[in-house]
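User: I am new to this structure. Please walk me through it in short questions and answers.

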Amino acid sequence: MLEQGKISSAQMGKMIFLAVIASAVTAVPSYSGKYAQNDLWLSPAWASLTGFLTVYAAIALNKLYPQKSVVEYSTDIIGTIPGKLFGLLILFFYIHMTGLIARGYAEFIIGNFLPQTPISIVIITMIAVCAYAVKAGVESIGRTAQLFFFFFMFPLILMPFLLRDMKPDFLFPMLEHGLLPSLKGALIPQGYFSEAFLMSFFLPFVTDRGKGMRSGMLTILGIALMLTCINLFILLVFGTQAADYLYPVMVAFRYISIADFFENLDSVVMTVWILGMFVKISIFYYATVLGTSQWLGLADYRPIVLPIGILIAALSFWSIPNLNQASRFDVISFPFYGPLMQTICPLLLLGLALLRKKGKQQSQAQMTMAPEQAHTHTEKQEG
Amino acid sequence: MKWGLVAGMSALVCILFAIEWPRLSRLPRRDKMTFIALVFIGWVLSMFDLPNLPGPTTMINEIFEPLGHYLE
Amino acid sequence: MGSLSENARKWWRSHKQKTQQQTAPSHTPLQKQLADNEQRLRDLYANCSDVVFRSFRIGGTIRALAIYIDGLTNQEELERSVLSVLMQTKLPKDSPLTKLLDNLVPVTKSREMSTVEQCLEAIANGNPVLLIDQQERAIAFGLARWEKRQIEEPVAEGVVRGPREGFTESLHVNTALLRRQIKTPALKMEQMQIGGYTQTQVVLAYIEGIVDEDLVAEVRARLGRIEIDGVLESGYIEELIEDHPASPFPQILTTERPDVTCGNLLEGRIAILVDGTPFVLIAPTTLFSLLQSSEDYYQRSLASTTIRWLRYLFTAISFLLPSLYVALITFHHEMVPTSLLISMAASREAVPFPALVEALLMEITFEALREAGVRLPKQVGAAVSIVGALVIGQAAVQAGLVSAPMVIVVAITGIASFMIPHYIAGIAIRLLRFPMMFLAGSLGLLGIMLGIIVTVIHLSTIRSLGVPYLTPVGPIKVAEWKDTLVRAPWWMMNTRPHLTGDYQKIRQGANQKPGPKKGGDPA
């Protein structure tokens with residue numbers, strides 16, 4: 001195998017958790033608030049359905065092909081050429097997404113903290129750091145994710161300091177326009193949930209794969225809970241105004257003042273968020289690099305880490321002249337493109353794989369009964 | 001075309017070769033070709049004024065625009 | 001590169017053969033004639049004024065020769081128990097050597113030898129060698145004694161409560177210190193010699209049954225691989241057996257304390273004792289064991305836990321404080337509370353440098369002061385501390401070269417770096433502080449975060465003899481948190497940490513929590 005490292009299912013869960021939540025946490029309250037208004041706290045629950053489906057697909061496929069990633073088993077399921085084509089599409093999706101995520105990260109940093117710094121520096125330094133992580137291998141990424149997970153949870157302790165700014169009135173009227181607004185508000189978050197499919201690249205290295213399903217589902221549940229929590233907080237603080245801010249979470253933390261001395265705690269949130277973003281980009285980057293090596297049948301994935309990093313950097317600039325264009329993709333394409341590649345396609349693959357297995361079992365069963373019949377049957381299937 | 005960027009990218013490509021070649025030289029031909037191809041693509045891409053050039057993002061946006069408008 | 005190291009290897013091989021021919025021709029048996037043996041040894045020890053050849057006759061008839069090195073041997077004992085006894089005895093010409101040993105010479109430790117190399121080794125270790133005419137064997141008497149330092153309190157690892165013994169330069173004193181604490185025969189000490197010229201004795205100590213056999217085999221193999229001309233300190237061995245030579249972090253723990261060594265042996269680690277240095281190597285080690293002091297285990301557990309957390313906090317401060325200061329001053333004014341910002345800005349008004357330069361200036365000066373403080377002769381110590389305190393502290397601030405907050409930052413950082421109990425781990429963190437300052441000066445908090453991420457990735461890739469360096473937080477091992485995040489009371493430390501492979505998990509009896517109702521007899 002290309003990768004010698006091993007991770008535990010808990011590490012994988014934390015990796016996926018950080019990967020999904022890191023970008024969701026900044027933008028989701030604003031995006032959801034735009035459509036769901038004061039029902040935005042309901043949206044993550046709807047969105048998590050995509051997450052559960054995705055995890056199910058990834059793990060069920062892994063059970064059929066325990067040692068293979070999506071790039072490898074797609075050729076087993078739908079034949080060599082269509083499988084390779086699908087693999088190429090997936091790889092293109094991931095490398096493209098990595099670039100766009102890096103761009104989103106950089107826009108956030110520039111917009112909030114380092115307005116003077118050129119965006120290219122912010123992107124390139126992050127990609128360089130992630131390249132180091134990817135070169136270090138899946139084990140290192142797993143351990144760093146495990147460590148950073150705790151730091152990432154830290155700002156949640158600060159949430160109670162917002163209590164005095166909260167107005168429960170903002171919750172009402174609940175479900176004024178029925179469920180539709182909250183469903184619409186779930187459209188963008190469910191795109192992020194579909195990113196849980198990344199676990200397809202990591203499952204082959206998980207030692208306790210039996211716990212994979214449990215840890216995957218728990219991860220999705222955790223993400224849904226955390227997003228609900230955050231959306232609720234944001235709603236209680238800002239009301240329907242939440243959608244007017246680009247990054248409402250940051251604005252909320254700017255409100256916090258502890259003992260009139262510790263103020264502007266948004267920087268704390270940013271530092272922690274950088275850790276999450278690092279894990280996210282590393283995981284996407286790793287999936288791209290590993291997938292590319294598997295697709296081309298390379299002997300080692302490490303040498304192509306840096307060249308792919310250049311491509312990722314290039315993609316983070318390509319046809320995105322400004323912030324508006326960057327968020328346009330997030331709103332228009334991603335809610336459909338992400339789930340299409342990461343949920344619907346895997347589910348289709350899973351269906352085909354199960355059919356194929358059934359066919360094989362049937363043919364095997366017939367083989368024992370009537371060998372000639374079975375022979376014609378398999379021929380038909382191949383034709 | 002910005003000459004500074006071209007020079008910088010060329011230097012970066014040289015550094016990449018310096019870093020990776022010791023390991024690559026022991027790997028099969030396929031790995032070497034992939035490495036060279038990827039580096040070359042990256043180098044060529046950096047020559048263009050990427051932000052204002054239509055690319056994959058534009059393409060994907062074109063495809064999904066109708067669905068996006070449905071949401072509005 | 002490849003060809004260069006190949007050449008070096010070739011050179012070494014030929015060189016080694018040459019030195020072996022000079023000093024120790026492989027397995028030359030002793031001759032029957034005393035004169036031949038004497039000539040051979042005199043040739044080998046030509047121009048060695050410290051080697052003494054003493055000819056005499058046993059019982060006035062048989063010619064014999066005692067060889068020893070002046071200053072390494074207990075001369076009085078040699079005279080009293082060997083020379084005078086043998087000279088006054090009467091001996092039949094063909095009596096076997098063993099009889100001589102058994103009946104005549106009152107020396108407890110003596111050994112028969114048949115080759116010249118064995119003689120050379122014995123002489124070099126201070127054991128006088130007796131050669132007898134018409135005998136193809138020689139005897140070495142265990143009469144080595146040389147001047148050595150007394151057992152003193154270790155200088156670099158002080159404790160308030162705990163044993164005050166420290167290792168010395170003498171290997172056998174050190175092994176004795178270990179054996180005095182761990183009396184079981186399961187404590188094994190394998191001796192080997194490393195170093196072409198120095199022939200340094202190295203002892204690999206471990207407790208059989210607790211340690212993973214594969215670990216011992218691995219260390220043995222790594223030690224056996226060493227080909228070096230001399231080992232003067234355990235640092236040579238450390239650099240030759242560690243897993244990641246390029247890392248700034250030490251992957252092997254060094255200690256001067258027998259109690260630390262014993263504690264680690266009891267947890268299933270191995271210790272490497274090197275003759276000539278009080279510093280013992282312990283492996284495998286983790287980042288957290290470098291942040292622990294032996295006293296943690298002797299104090300009350302609550303106090304130890306608090307001190308551990310204080311230590312973690314100050315380790316972070318020692319790593320980050322100067323860079324945080326630079327980042328705040330340069331990029332993130334809004335993070336500093338307004339009143340504090342105003343006073344900081346006021347004191348920085350006269351300073352001509354950007355914060356980064358100011359911080360670098362002060363930190364480098366501080367490091368120089370510290371280094372000077374370690375090396376300088378004791379007589380000038382007072383002068384340096386006065387110059388340091390006055391010039392670098394007060395005068396620099398008054399002259400407007402640095403701001404007062406910067407001096408405070410440097411002072412706190414300095415103290416923080418002394419909080420790390422193992423000096424070598426402190427060096428790694430002090431080193432990494434400087435790149436962090438550059439990152440903070442160029443990218444602010446973002447730079448610091450990137451620096452932290454890179455450090456953490458690096459830490460998560462390194463292993464010490466197969467044990468991940470960040471155990472038990474990455475990978476998480478909850479069972480080991482009792483000795484890292486807290487220092488659990490001894491009655492809770494029922495299991496050993498898991499290092500590699502098979503291990504003896506249970507350390508002590510369960511359910512030993514004391515209380516008023518727990519008397520002497522088990523209920």
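User: Which strands of chain C does helix 9 of chain C lie across, and at about what angle does it run to strand 7 of chain C?

Analyst: This is a predicted model, where local features need pLDDT of at least 70, side-chain atom pairs count only at pLDDT 80 or more, and totals for chains, interfaces and linings use all residues. Residues are numbered from 1 along each chain as its sequence is written, while chains are lettered from A and ligands numbered from 1 in the order in which they are written. Helices (H or I, at least four residues) and strands (E, at least two) are DSSP runs, numbered from the N terminus; axes are lines fitted to C-alpha atoms, for helices over the stretch in contact, and angles run from 0 to 180 degrees between N-to-C directions. Helix 9 (258-266) of chain C lies across strand 7 (200-207), strand 8, strand 9 (270-274) and strand 10 of chain C, and its angle to strand 7 of chain C is about 50 degrees.

User: In what order do the five strands of the open sheet in chain C run?

Analyst: Strands count as paired if DSSP finds at least two bridges between them. The edges are strand 6 (187-194) and strand 8 (253-255) of chain C, each pairing on one side only. From one strand to the next, the twist averages 25 degrees. The pairing is antiparallel, and the order in chain C is 6-7-9-10-8.

User: Which residue stands opposite L253(C)?

Analyst: Strand 8 of chain C runs antiparallel to strand 10 (280-283) of chain C, and three bridges join them. In strand 10 of chain C, the residue opposite L253(C) is I282(C).

User: Which pair of chains has the most contacts?

Analyst: Two residues are in contact if their C-beta atoms, placed from the backbone, lie within 7 Å. No contact joins chain B and chain C; their closest C-alpha atoms are 10 Å apart. Chain A touches chain C through 24 residues of chain A and 22 of chain C. Of the two pairs that touch, the one with the most contacts is chains A and B.

User: Which helix of chain B gives the most to the side that touches chain A?

Analyst: There, 32 residues of chain B meet 30 residues of chain A. That side of chain B has 18 nonpolar, nine polar and five charged residues (Ala, Val, Leu, Ile, Met, Phe, Trp, Tyr, Cys and Pro count as nonpolar, Asp, Glu, Lys and Arg as charged, and the others, Gly among them, as polar). Helix 1 (3-24), helix 2 (29-45) and helix 3 (56-71) of chain B each give two or more residues. With ten residues, the one that gives the most is helix 3 of chain B.

User: Why is chain B called more spread out than a compact globule?

Analyst: Chain B has three helices and zero strands. Its C-alpha atoms fill a box of roughly 55 × 30 × 15 Å along the principal axes. The globule rule (2.2 Å times the number of residues to the power 0.38) is set against the radius of gyration, taken over C-alpha atoms. For 72 residues the rule gives 11 Å, so chain B is more spread out, as its radius of gyration is well over that, at 18 Å.

User: How far apart are the end C-alpha atoms of residues 34-50 of chain B?

Analyst: UniProt, in an unreviewed entry, places a "transmembrane region" at these residues of chain B. UniProt positions are in the numbering used here, feature names are shortened, and annotations may be inferred rather than shown by experiment. Residues 34-50 of chain B are 71% helix and 0% strand, and the end C-alpha atoms lie apart by 23 Å.
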